[in-house]
Amino acid sequence: MPLKLGEGLLRETFTIVRACGAGRNECVVYWAGPLAMPDVVDRVIHPDHVGRPDFYEIGPSWLNRIWFELNAKQIEIRAQVHTHRRQAFHSSLDDEFPFMQTAGFLSLVLPNFGLGPAGLDNCYLTELIPGGAWHQLDPAIALEAA
């Protein structure tokens, strides 16, 4: 079953990563949705982080705060979306340090710091499967953009 992206969510994602990374640094956002609707993503969360050309690092105080906010709003993070300098792929850092360690969690990588067309072409999507391995998915099939 594809993950349904809310109206304008993909456009909002690209707007954020382009402004944040400024074509020089990686940027990350998280896609979240209501607990009651596990196949829906209806919000973009832009964490406090430091971006560099080849990695990003989430602020530890933000990590502590977000868990309380997610619980209070009854939402969960379903995917991490971040940029890479050139082509999209899942690096060893991406494999080892996802936001969630839960099977079914998605990781979408946007090429060229997100500066290309706002869409899923040339993106890399992978899903965490039981046992901790990653399995590549076709974004055009696994994600349904509104």
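1. On a 1 Å grid over the protein atoms alone, a pocket is an open set of points where a 1.4 Å probe fits, with protein on both sides within 12 Å along at least five of seven lines, and its lining residues have an atom within 4 Å of a point. Grid points are joined across faces, edges and corners, and a volume is the space filled by probe spheres set on the points.

2. The model is predicted, so local features need pLDDT of at least 70 and side-chain atom pairs count only at pLDDT 80 or more, while totals for chains, interfaces and linings use all residues. Residues are numbered from 1 along each chain as its sequence is written, and side-chain values use heavy atoms, with hydrogens and water left out.

3. The largest pocket has a volume of about 400 Å³, and of its 20 lining residues the closest to the centre are Glu 26, Phe 55, Tyr 56, Leu 93 and Asp 94. Strand S6 (55-58) and helix H3 (92-96) each supply at least two lining residues, with S6 giving the most, three; helices (H or I, at least four residues) and strands (E, at least two) are DSSP runs numbered from the N terminus.

4. The second largest pocket, of about 320 Å³, is lined by 17 residues, and Leu 3, Pro 38, Arg 78, Gly 104 and Leu 106 lie nearest its centre. Strand S7 (residues 75-83) gives the most to this lining, with three residues.

5. An open sheet of six strands runs in the order S4-S2-S7-S8-S9-S10 with mixed pairing, where two strands pair if DSSP finds at least two bridges between them. Its edge strands, S4 (43-45) and S10 (134-137), each pair on one side only. Within the sheet, S8 and S9 pair in the antiparallel sense over four bridges, and Ser 107 stands opposite Thr 126 in S9.

6. Ala 22, in the loop between helix H1 (9-21) and strand S2 (28-34), has a positive phi near 50 degrees and is partly exposed, with a relative accessible area of 35%. Phe 113, in the loop between strand S8 (106-110) and strand S9 (124-128), has a positive phi of about 55 degrees, yet counts as buried at 6% relative accessibility. Here buried means under 20% relative accessible area, exposed over 50%, and partly exposed in between (1.4 Å probe, protein chains only).
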